[in-house]
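This briefing describes how the parts of a protein assembly meet one another. Please keep the structure in view while reading the points below.

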Amino acid sequence: MKLLAGACFALGVAFALPVIAQETPKRGGILVQSMDVEPASLDPAFGNAPGRDRTVYTQIFENLFVQDEKGNLVPQLAKSWEIAKDQLSITFHLRDNVVFHDGTPLNAEAVAFNLNRIVDPQVKARARQFVSDMKSATAVDAMTVRVDFTRSSASVLSGLANEAGMISSPKAIQALGNEYGRKPVGTGPFSFASWTSGNQIKLQKFENYWGRDEKGEKLPYLDGVTNRIIVDTASKIVEARAGTVHITDAIQPKDYAQVERDPNLTLEDSLASNLQILSFNLTRPPFDDEKLRRAFVHGINRALIEKVASNGQGLVLKGLEPPQSPIYGENLRDYDFDLAKAKKFYQESGHKGVVKLAMIQRDPDTRIAQIIQAQMGAVGVRVEIEALERLAWGDKIYSHNYDIALHRMSAPKVDPDVNFGAYYARTAGANHSGHKDETIFALIEKGRTTIDPAARKAIYVEFQQYLLDHAYQLPLTSVRDRGIIRKEVAGLHQEFSGAYLFDRAWLRK
Amino acid sequence: MIGFLIRRVLQIVPVAIVMCAVVFTTAFMLPGDPTLTILGENAPAAARAALRAEMGLDRPIPLQFIDWLGRALTGDLGKSFKTGEPVMDMLLTRIPVTLELTILAITLAACIGVPLGIIAALRRNSWVDTLVSILSISSLAMPFFWVGMLLIMLFTLRLGWLPPSGYVPFFEDPLRNLQLMIMPVMTVGMAYAALLMRQTRAAMIEVLLQDYVRTARAKGAAEPRIIIRHALRNALIPVITVIGLQFGGLIGGAVVTETVFALPGLGRMITNAIFERDYMVVQGAILVVVVGVILVNLVTDITYSLLDRRVQL
Amino acid sequence: MIATSEPAKDVAATPAIGAAPEPSRVLAVLRALLRHRLGRIGAIGLSLLLFCAAFAPLLAPFDPAEIDYEALLEGPSWHHWFGTDELGRDVLSRVLYGSQTSLQVMALAISGALLIGVTLGIVSGFLRGWFDDVAMRVVDGLLAFPTIILSLAIVAALGPSLTNAIIAIAIVNVPDFARLVRGEVISVRELEYVQAARAIGMTNARILWKHVWPNVRGSVIIYASLKAAAAIITESALSFLGLGVQPPDPTWGSMLSTAMQYSDAWWISIFPGLAIFITVLSLNLLGDGLRDVLDART
């Protein structure tokens, strides 16, 4: 558990302060944040969009430790911890005087209750998949908890630092039962006020929050946070320009220019990138034939797709991770655009007829699909586009009733296994191309259980190269997620999931 | 009269049940698995199958429908698959939004459409008439979402007068609520005003040619009195009918408008639920819309018969 | 008589009683229409649409699906009169070809609705009895549905495509036609000469064709022109909500809904918007003109 070693002794203030915090923070005001994915539940155990959900959860809940923007583990509700020699358990010492929003105190029993709830098969917590190597948690004394693992694993630590390790009030969970997901109670800087599905989640300042700034003053500065659900990118930008939203999630590269022109707005890099990937359906003809797949990987000019779909703001994607990822493979060999090669492979495949491209009707997927259609037309392949809504698309893809499909992936995740486990492992819920390749299954499993970061990276790079060599998928483009932040917002900091933390945030006017 | 009322109200029941059955079946014909929305695409396939079984989604549709109907009759419309929020609670927060939008839009439409219709009828074939006709017919020729976007471009981006979208309940912040409602109400109201204007004009022209108006004129009654006492009262009958009958269309306009302006109303609730295969929500919301529209039609009929004694009940 | 909810009250006009379908009559109506101030504008507008649709391949300066990576989102110029779209395609060509698709949606959806709706209305109104009761309850139910929600659900169930959009728009328009025609038929069947025809032993089918249909025809034509206008709006709304015609086929609705994402490039939003506007306006004017003309002939 080398990952932990560096962070073990880092006590005190949870995060390094941003440089701009030289100004004296002003108290009050409501910060408005927009997001396009609404959480399925406000109970972190039952969220369905790992990472995305953190943008709201971190305002209400806290973990024993969290990942800072570089991915290091830093203390939050635990002030320190020790790792057992056999690396199969960790003992946490909890911070004193922390209370939940409902007034109950945070203690070892509460933490153990939460962690045992996540792994309890009866509870069917959705976050359980991220801590599948955790066995149980035990209260050693009032403020000390020991967590036991079935085996040493790297992914379980980031699991605990994210949704699966968020601590709720046991009293509230017991009292509310199934309703808890709509009335969450945590220890975070803001407490739940209201949730209108499809519209907004409102949170208010928690007066008894334990956090203090460096002058010893109470946090948070803000009176509240409103999380508005705005799906349409154009609306997001209009709202930000009008000042009715302070922070947005990622916008489209085509809109960068108009945001940069506005003196009230800044465009901020997020930690993650949005990857566009073309999957071939390996489970049935004609794309079980590698020659036909090769016709596509060489016939599609990804540089042009990048130019159109992300306005030159992105990159041609080489593997399944963007350059800022710790497991990015610098030396991956991918495909060259070569029309002659593509035509030759197409002829050899002997394929005739129409290829159907299933995609979700949204931007820029619609543009990418039409470019692929035109480019493959030049190879001599007739591509028909099926622009579907998300669930109709999912129905086709996950039952592997399609020819080729466009999809997205957000990377890097808090741990590589969050993506790779979900998309490529034997138990993967979203194995897009439908591969049943034992080599890939073995590599993914080995990656999850390896702890040394360098060895882990080597495994994942090997996996990506294997995937490329067999042309199972065609990675297309990658664009760094960039969101809008209005200039009056100060004191923000970001965690590794990409979520902004608002405990020290304040508004200049 | 009473007998008529009872008959009409009783007729609503089979219509509503048939419609719900149709909606239920259609909803289940939609391709796509709601558990995908609930669990997210990272969830293992086994977990999705287990959840389907747990929610009873693998049972025959007629059985599921009867179950739903039974519970609906006791006032339990089920829960949203996606968020777990009871459908009844969702409806209670959504209905006021759509009602506010439609009522304000009708009011705006009546304030613009009826006077313009009267003026156009009184000055039939003059340039005023032509201008009003062209204006009204033009505003009917623009898709709602286009009008909405043009309004946002003008009032928010260019002029900076109005907030672009979102919703605040009236009783929480009346001023902000009305500010946010201006553009949606204009979007729906303008098309609706055009309809009312056309209807008022046509009805006024017809009434002005009637014998009793001529008689009143011959008796030397003052022109404004003729218009108000005799002509308008009779002309309003078909106008009211149109107001009532267009209620369904108004809700349809609200669907698109609510999407453009991000208003959390019934229309957006239904479209989102269709896209997310949130069957219970689709069911509950459509039930409310269908019954609502039928009731409004009933009220329209009654008003019509009260205003026009020629129609026997 | 029970006050029925006639959706067509606002547009139904008293048609020319007993008008026979002679060609000279059709010509007379057309002539009258061209003399009608607004009707003339409508007729010209519609002819323009038909012209564009028929000669799109000749008129369009570019292939509407041809991507030009070097000319993304360029404003109007001598080369591209209406500018280029997000894939560098010529907007003018797409608007011209879009007229074909829009015309197709309009014509097929409305004739489908007309065929089913009119048949249903005539049979219902003429036979009355249980058939009428059942049919009208279903029609009432469907009328209570906002058309956009119903068509959205149908397209979502069938899968988004041009054909399915046409089917959906046809289905949502059936009840209106059925209601309108049924009302007309009920009033016509009580007329003396229809009663007389029945008395002399004319078959139902013959009465329907000889006496009832000519009376209903006028209102149906007027109504169809207005509904055709609404069909274009519905198609664009479907596209806006994400269930439109599949790319790369251009329809004005899908062009407009794409354009909503590019607020800077006004030309990709204004031109298809204007095309919809002009078409819908023409159809509405034509409907109004027809009503006045047919009315005047009473």
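Predicted model: local features only at pLDDT ≥ 70, side-chain atom pairs only at ≥ 80, totals over all residues.

Two residues are in contact when heavy atoms of theirs lie within 4.5 Å of each other. By that rule, 15 residues of domain 1 of chain A are in contact with 11 residues of domain 2 of chain A.

- The domain assignment divides chain A into domain 1, made of residues 7-230 together with 488-507, and domain 2, made of residues 272-481.
- The C-alpha centres of domain 1 of chain A and domain 2 of chain A are 34 Å apart.
- About 1,000 Å² is buried between domain 1 of chain A and domain 2 of chain A, and carbon and sulfur atoms account for 57% of it.
- On the side of domain 1 of chain A, the residues that lose the most area to domain 2 of chain A are Ala154(A), Ser155(A) and Phe496(A), which together make up 37% of what that side buries.
- Between domain 1 of chain A and domain 2 of chain A there are 2 salt bridges.
- A salt bridge joins the side chains of Asp133(A) and Arg448(A), with an N to O distance of 3.1 Å.
- The interface of domain 1 of chain A and domain 2 of chain A also has 3 residue pairs in polar contact, both residues being at pLDDT 80 or more.
- The side of domain 1 of chain A that touches domain 2 of chain A consists of 4 nonpolar, 9 polar and 2 charged residues.

**A buried residue in chain A**

- Gln464(A) belongs to helix H15 of chain A, which covers residues 453-469.
- The relative accessible area of Gln464(A) is 1%, and therefore this residue counts as buried, the cut-off being under 20%.
- Apart from neighbours within four places in sequence, Gln464(A) is in contact with Gly319(A), Leu320(A), Glu321(A), Ile327(A), Leu332(A) and Phe420(A).

**The interface of chain B and chain A**

- Here 39 residues of chain B are in contact with 37 residues of chain A.
- The size of an interface is often expressed as the accessible area lost when the parts come together.
- For chain B and chain A the buried area is about 3,100 Å², with 48% of it on carbon and sulfur atoms.
- The interface of chain B and chain A contains 4 salt bridges.
- Lys79(B) and Glu179(A) meet through their side chains in a salt bridge, at 3.3 Å from N to O.
- Chain B and chain A also share 9 residue pairs in polar contact, both residues being at pLDDT 80 or more.
- Helices H2 (34-39), H3 (45-54), H5 (87-122), H7 and H12 of chain B each supply at least two residues of the side of chain B that touches chain A.
- H2(B) provides the largest share of that side, with 4 residues.
- The residues of the side of chain B that touches chain A comprise 16 nonpolar, 10 polar and 13 charged ones.

**The interface of chain B and chain C**

- In this interface 50 residues of chain B are in contact with 47 residues of chain C.
- The area buried between chain B and chain C is about 4,200 Å², and 76% of it comes from carbon and sulfur atoms.
- Ile137(B), Phe145(B) and Trp146(B) supply 16% of the area that chain B buries against chain C, more than any other three residues.
- Chain B and chain C have 1 salt bridge between them.
- Arg198(B) forms a salt bridge with Asp288(C), in which the closest N and O atoms are 2.8 Å apart.
- Several helices of chain B each supply at least two residues of the side that touches chain C, including H1 (2-29), H8 (174-208) and H13 (279-307).
- H1(B) gives the most to that side, with 9 residues.
- The side of chain B that touches chain C divides into 34 nonpolar, 12 polar and 4 charged residues.

**Chain C by itself**

- Chain C has 10 helices and 0 strands.
- The C-alpha trace of chain C spans about 75 × 45 × 25 Å along its principal axes.
- Of the 298 residues of chain C, 61% count as buried.
- Among the contacts in chain C with a separation of 6 or more, 73% are between residues 24 or more positions apart.

Terms used:
Residues numbered from 1 in each chain as written. Chains lettered and ligands numbered in written order. Heavy atoms only, no water. Buried area = accessible area lost by both parts, 1.4 Å probe. Nonpolar A, V, L, I, M, F, W, Y, C, P; charged D, E, K, R; others polar. Domains from an automatic or database assignment. Polar contact = N/O pair within 3.5 Å; in protein donor to acceptor, adjacent residues only side chain to side chain. Buried < 20%, exposed > 50% of the residue type's maximum accessible area, 1.4 Å probe, protein only.
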